[in-house]
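Colleague: I have some questions about how the terms are applied here. Can we take them one by one?

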Amino acid sequence: MAVRYLLGNEGIAHACLEANIDFASGYPGTPSSEVIDILRVQEERPFTVEWSTNEKVAFENALAAAWCGLRALCTMKHVGLNVAADPLMTSAYTGVTGGFVVLCADDPFAHSSQNEQDTRRYAHFAKIPCLDPSSVQEAHDMLRDSFALSEEFGLPVIFRPTTRICHSKSDVELGAVGTEHRTAVFQRDPKQYVVIPAHTRVLHKKLNEKQQPLQRRLVELGYNRHTVRGTTAVVTSGVAAAYVQEVLPDNVSLAIVGAYPIDEEWLKSFVDRHEKVLVVEELAPVVEEAIRQVATTTEVLGKTTGTVPWEGELNPATVSAVLDKAGIAPTVTFPAPAPVQGVPPRPPILCAGCMHRPTFYAMRKVFRDGIFPSDIGCYTLGLQLGAVDTTICMGASITVGSGIARSGEEHPVVCTIGDSTFLHTGMPGLLNAVYNGAEMVVVILDNRTTAMTGHQPNPNTGMTATGVESTPISLDAICRSCGVSWVETVDPYDLPVLLDTFRKAKERKGVRVIIAKQPCVITARKSGIKRKVYAIDLERCTGCGVCRSFGCPAIAFAGKNATITELCAGCGVCADICPSGAIGMEGRQ
Amino acid sequence: MKPSFDILIVGIGGQGTVLASNVLGEACIIENRTVRSAETHGMAQRGGSVESHIRIDGKFGSLIAPGTADLLIAFDLLEALRYRHYLPAGGRLIVNRNLVVPTSVYQQNLDVPDEESILSALADLDVACIDAAGLAEEAGSILSQNIVMLGAASGFIPLRPDTLEEAVRRCVPRKTVEVNAAAFRLGREAGARGAGTP
């Protein structure tokens with residue numbers, strides 16, 4: 001036993017080691033990414049670990065490992081489960097022999113996500129258990145035990161932490177790293193693994209028969225627990241349980257739901273003992289709906305009564321206010337001070353020297369009247385440069401672009417997509433666009449890494465998750481084999497050539513691909529690439545502000561004149577942009 | 001009585017707020033105290049405004065409610081202004097005398113308050129303003145400003161100074177241990193002097 005100060009994701013990763021994990025795969029997505037990032041560099045236990053090209057790929061790899069009797073983990077964020085939803089639904093039918101845990105991190109308030117969907121809905125939909133930790137310690141303990149639960153019922157288990165678990169830290173009590181290693185053996189059993197209709201009908205019945213014993217077991221395991229203390233109760237789940245406990249008076253009963261499906265008998269016996277029950281949970285009213293199904297005379301307050309907010313994340317102050325609204329006097333009330341108005345915003349921004357900035361700049365300069373669908377990654381921040389018109393989900397820039405182009409819209413369509421995202425789900429869209437004759441330009445922003453989530457390697461990086469060298473794929477060859485005849489690879493720091501390439505693309509027809517290739521400025525710095533910084537010749541600077549619109553964080557203004565700060569990474573693009581030739585490499589004026 | 005001592009550290013992505021909160025968490029482990037913290041990850045790190053909540057002796061959630069922080073440590077004057085509502089009236093603020101103008105100001109032609117007007121807007125708080133850059137350079141590296149700030153705040157944190165210094169040694173990269181230990185001590189002296197208090 002050791003107590004350490006760990007991030008939720010670190011505690012979760014360590015729990016995998018304690019549980020004798022044999023196989024891990026995933027696709028990076030905040031707030032889930034650190035789990036594989038830690039597993040791939042740890043040295044305490046050897047096992048197979050990979051970053052997969054997308055969540056469906058990761059899911060199916062790990063599922064197969066579990067079919068071979070191994071303990072397998074697959075990680076993603078909530079929206080990633082949409083990509084893996086197809087195998088998820090059927091994996092509940094086939095079941096598993098080894099332990100299979102699907103870590104799917106939810107993001108209330110959409111801190112770094114495109115929506116606030118609730119993974120508990122998927123667990124319900126697929127009829128598989130979902131574990132929902134309320135603290136970092138519980139996340140550790142639950143994950144460690146979830147492999148055994150998966151093996152006991154022969155079902156995949158969804159483990160669903162939220163942002164405030166993944167990215168919270170606390171003192172965590174850890175166990176010893178497991179030393180048991182299993183050997184993968186695939187037992188042929190077509191009746192279980194081949195889901196032709198005749199087999200599926202049997203498997204569905206078996207899946208349904210597992211539900212009631214599963215519900216009872218989750219109560220036995222202590223994941224769903226309650227204390228009766230009065231005639232009023234609060235039922236809560238996930239991290240909201242921590243906020244509730246911080247402000248709950250002693251004479252109010254408390255139930256914490258840490259696992260789904262919820263045993264109806266257990267829930268009903270608790271609810272029936274109270275005159276009023278308040279349900280406090282983030283995202284969807286999953287617990288609330290379960291309670292409404294079992295409650296007969298008890299008054300139920302929650303989202304549907306307007307007592308608890310439907311959107312965003314909860315915190316101690318909102319929970320205290322919710323209790324107050326429900327007629328339960330909280331032990332702590334919080335002031336509601338207003339933030340100071342008029343403080344200029346400081347949103348995240350593309351780094352100084354980021355290769356995406358000149359690409360966006362050139363794209364807009366050449367295609368002034370263009371429509372710019374984009375995708376998920378750092379480059380979504382190109383929104384601030386007026387270079388992002390649409391974003392839905394991974395891989396959708398090319399498909400949205402071709403849809404706009406083929407619908408008859410006459411403005412030119414130029415879409416942007418990162419290398420990792422292109423390999424994730426961009427490729428089928430490109431193939432489709434070419435095959436169906438779309439008129440569009442596809443710009444692949446190739447920075448050789450998955451930068452936004454913390455620089456995880458992808459098949460374009462030339463290195464695997466564990467640091468083993470691997471042959472980097474050729475984006476050019478992939479595009480050509482999808483049927484694109486005009487593919488140009490350019491260095492985005494070379495602005496004249498970049499502009500020229502966009503102009504050439506404009507003159508052509510069909511699907512044209514520009515690969516703007518330059519390493520991410522952060523990985524470049526870490527690998528020791530040093531470029532000379534740039535400076536402004538104040539006598540030449542006219543204060544015209546052209547560099548201002550370029551939006552580089554290394555360019556500041558002191559009065560009328562521009563200055564270049566210590567953030568400069570030396571990309572040199574601003575020197576090409578300045579109409580008065582006032583920007584040059586320092587010491588070389 | 002308040003069950004935990006709540007500290008909010010705010011700054012700009014890349015300034016080392018997470019490392020500073022790691023030091024506080026590690027110090028809690030050394031002293032066998034419970035601790036909860038929440039930090040900013042992902043998209044917000046690209047030069048954006050970031051915050052780290054630390055609750056020493058915390059047992060519940062990791063979030064500090066606005067108006068209830070015991071201490072605000074700000075690595076930038078503008079960020080101090082942005083998050084000041086986390087402090088109660090008269091609350092304690094340790095702020096770096098440093099102002100990075102957000103790029104949004106130049107792009108959108110926004111007004112940005114200067115140092116003097118920010119300090120006067122913060123004057124109702126108990127403020128210590130620290131020249132962290134100068135002290136960090138004195139310690140041997142401009143990158144140690146976050147540890148200088150932690151040192152400056154250490155006199156107001158319910159953890160022993162030697163514990164905090166030991167936690168600094170455990171948390172920073174091996175090559176930089178001595179520089180950061182020096183940064184911590186210089187910050188601590190400056191904090192004790194109330195250096196630069198407006």
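Modeller: Start with contact: it means heavy atoms within 4.5 Å. By that rule, 51 residues of chain B are in contact with 51 residues of chain A. Keep in mind that this is a predicted model.

Colleague: What makes B:Glu79 and A:Arg346 a salt bridge?

Modeller: The cut-off is 4 Å between a side-chain nitrogen of Lys or Arg and a carboxyl oxygen of Asp or Glu. Here the closest N and O atoms are 2.6 Å apart, so the pair qualifies under the 4 Å rule. The count between chain B and chain A is five salt bridges.

Colleague: Which element of chain B gives the most to the side that touches chain A?

Modeller: Helix 1 of chain B, with six residues. By class, that side of chain B has 21 nonpolar, 19 polar and eleven charged residues.

Colleague: How do you know that strand 8 of chain A and strand 2 of chain B pair?

Modeller: Pairing needs at least two bridges. Three bridges join these strands, which run antiparallel, so they count as paired. A:Lys169 stands opposite B:Ser37 in strand 2 of chain B.

Colleague: Why are strand 15 and strand 17 of chain A said to stand at the edges?

Modeller: The open sheet has the order 15-16-18-17 in chain A, with parallel pairing. Strands 15 and 17 each have a single partner strand, so one side of each is left without a neighbour in the sheet. From one strand to the next, the twist averages 20°.

Colleague: What makes strand 15 and strand 16 of chain A partners?

Modeller: They share five bridges in the parallel sense; two would be enough, so they pair. A:Ile417 has A:Ile444 as its bridge partner in strand 16 of chain A.

How values were computed: Residues numbered from 1 in each chain as written. Chains lettered and ligands numbered in written order. Predicted model: local features only at pLDDT ≥ 70, side-chain atom pairs only at ≥ 80, totals over all residues. Heavy atoms only, no water. Helix = DSSP H or I, 4+ residues; strand = E, 2+ residues; numbered from the N terminus. Axes fitted to C-alpha atoms, helices over the stretch in contact; angles between N-to-C directions. Nonpolar A, V, L, I, M, F, W, Y, C, P; charged D, E, K, R; others polar.
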